[in-house]
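Have the sequence and the 3D view ready, and let's walk through this chain together.

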Amino acid sequence: MANAKTSGAGVTRPNLSPLANLKYDLPAGLVVFLVALPLCLGVALASNAPLFAGLTAGVIGGLFIPLMSRSSLSVCGPAAGLTAIVLAGIDKLGSFENFLVAVVLGGLLQVILGVARLGTAVYLIPSSVIKGMLAAIGLILILKQFPHAVGYDLDQEGSEQFVVSEEENTFTMILHAFGRLERGALVISAVSMGILVLWEKTERLRKLSWLPGALVVVVVGTGLNLLFRKANLPIALEQTHLVTLPAYDGVSGALGQLRTPTFAALSNPQVYIVALTIGIVASLETLLSIEAVDKLDPWKRNTPLDRELIAQGVGNAASGLLGGLPVTSVIVRSSANINAGGRTRAATAFHGLFLLLAVLFIGRFLNMIPLACLASILLMTGYKLAKPELFKKMYKLGWDQLIPFVFTISAILLTDLLRGILAGIVVGVGFVLRSHMRAAFTIVKEGKKRVITFKKDVSFLNKATFIGVLKRIPDGSSVIIDGTRAEFIDQDILEVIEDFQVSAALRGVHVEVRDVRTKENARRPSMASVSEASPAPAEART
């Protein structure tokens, strides 16, 4: 084990350099490519953008960003979470070429955010929201891919929207799928799921760690459909149920599909608004995905977030210049990478290389792959992200963790990824503040005596709770307010104490204040110098 390292916990970590893991990263990159290909096309189609723009963004996310990023397992490309922004941006700016200018500027904004070291802001997001995001994406994969698995291919691959059309949403599509079953798709899905389960459960097959089960599924599923066709069986799948990659005539044909930005659009103020939206939203989605991927990483490597923002920004600027959609780190592809056994950034690069080769040379071969195969792979990925054990674990952690977790899942399922996460953050932060307010001080009751002990920090956020506690103190009792253990007490809290000392005298409450001061007033006498209750005003004494 000369190439392995042992952590302090005694866990052996293999040599995780790209060259030492090519036998794992190459097949994993191929699996991610097969998953990413229809997603790139689906996102472009849903965004009302040229199909080639989705493929261009996928190639840049795979080949270009890993050169600068230090994320080991994250896979980048066009994201479904930006679909609505792209759709609205193209409409607002009048043309796709004008929109590309906003993509370039949005990328430059991400570079600025990275240089300003704002990447670590993601650590302020509660972990319950991150886990809720992962579980929600898992459930979305299951709900969205089930129709594809049974041959009901109405919805585009890559869609995460709850509302599909005026007449369809995620749940109605599942109901309608039962009435539009394709026997060929059912057979291929059943065989594919069986292979994936056996690959996980069978000891001998698990030893083939360099050969992902997902790759076997694609080969077997494609072979089955070709066999159905050759035998003229009625269950053979038509092209509408297969991957549909536009055909380009070699390198020259592909280059002819590239669009370039119209920089005359810089005079349009709307360009900067769209660019700001792209930069902020793409950064948020990337940081959340990176944080989630690091949690899924078997070796728990940490990605430098500021550098990741810079890498993503340069990648988006390049994508805009070459006619591609905005790119982010994408949790679905990253999860597929992890499940396929990817170990280093080389897997992401291989996925980008395969996308490039597919665009240039092998599109007609890929058009033989049934969507049911890819749906099976994504169904398994979804199950791993939303395992029942995760829900049980969050339940055991208590309501403060469970409610933001469940709320995030519900909001994402019923809206989309971005709005759902923002709603989850609001609820999660609310519970964090609630917990902080409860933990800022303790109250001990001893008959008519009350001892209020401040802990490390007491801020203005604790003001309402503190006032409520003081109001409930009975007349004629004794109160000790002890700030000995506090490192910081907000001025708002000091004013509440001063007001309480005056009102306490009117109620016959004896107040003793011990070592209560702010850092700014650390050199001044503390309130202990006026620890006895203030005498009642003259009019009160009379």
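## A hairpin to start with

Find glycine 447: its phi is positive, near 65°, and it sits in the hairpin of S5 and S6, which has two residues between the strands. Strands here are DSSP runs of E with at least two residues, helices are runs of H or I with at least four residues, and both are numbered from the N terminus. S5 and S6 (residues 449-454) run antiparallel and pair over six bridges. Two strands count as paired if DSSP finds at least two bridges between them. One of the bridges links glutamate 446 with lysine 449 in S6.

Before going on, keep in mind that this is a predicted model, in which local features need pLDDT of at least 70, side-chain atom pairs count only at pLDDT 80 or more, and totals for chains, interfaces and linings use all residues. Residues are numbered from 1 along each chain as its sequence is written, and side-chain values use heavy atoms, with hydrogens and water left out.

## The sheet around it

Which order do the strands of the open sheet follow? There are four of them, arranged S5-S6-S8-S10, and the pairing is mixed. At the edges you'll find S5 (441-446) and S10 (510-514), each pairing on one side only. On average, neighbouring strands of this sheet are turned by 15° against each other, ignoring direction. Angles like this run from 0 to 180 degrees between N-to-C directions, using axes fitted to C-alpha atoms (for helices, over the stretch in contact).

Moving across the sheet, S6 and S8 pair in the parallel sense over five bridges, with isoleucine 452 standing opposite isoleucine 481 in S8. S8 and S10 are parallel too, and five bridges join them; here valine 479 stands opposite valine 511 in S10. As a general point, side chains in a regular strand alternate between the two faces of the sheet.

## What covers the sheet

Why is S6 largely enclosed by the rest of the structure? Five of its six residues are buried, so that's how S6 ends up enclosed. "Buried" means under 20% relative accessible area, "exposed" means over 50%, and "partly exposed" is in between (1.4 Å probe, protein chains only). S8 is also largely enclosed, because four of its five residues are buried.

Helix H20 (residues 491-506) packs on this sheet and touches S6, S8 (478-482) and S10. Its direction makes about 155° with that of S10. Touching, or contact, means heavy atoms within 4.5 Å.

Now look at serine 329, which is in strand S4 (residues 327-329). Is serine 329 buried or exposed? Serine 329 is buried, because its relative accessible area is 0%. Leaving out residues up to four places away in sequence, serine 329 touches several others, including Ser74, Cys76, Glu285 and Gln312.

Alanine 136 belongs to helix H5 (residues 127-149). It counts as buried because its relative accessibility is 0%. Beyond residues up to four places away in sequence, alanine 136 touches Ile409, Ile412 and Leu413. Tyrosine 383 is 247 residues from alanine 136 in sequence, yet their C-alpha atoms are 11 Å apart in space.

Most residues other than glycine have a negative phi. Arginine 117 has a positive one, near 60°, and it lies in the loop between helix H4 (96-115) and H5. With a relative accessible area of 62%, arginine 117 is exposed.

Asparagine 232 also has a positive phi, about 55°, although it isn't a glycine. You'll find asparagine 232 in the loop between helix H9 (213-230) and helix H10 (250-255). Its relative accessibility is 69%, so asparagine 232 counts as exposed.

## Zooming out

How many helices and strands does the chain have? It has 21 helices and 10 strands. Its C-alpha trace spans about 105 × 60 × 60 Å along the principal axes. Of the 542 residues in the chain, 52% are buried.

Take the contacts between residues at least 6 apart in sequence: 79% of them join residues at least 24 apart.
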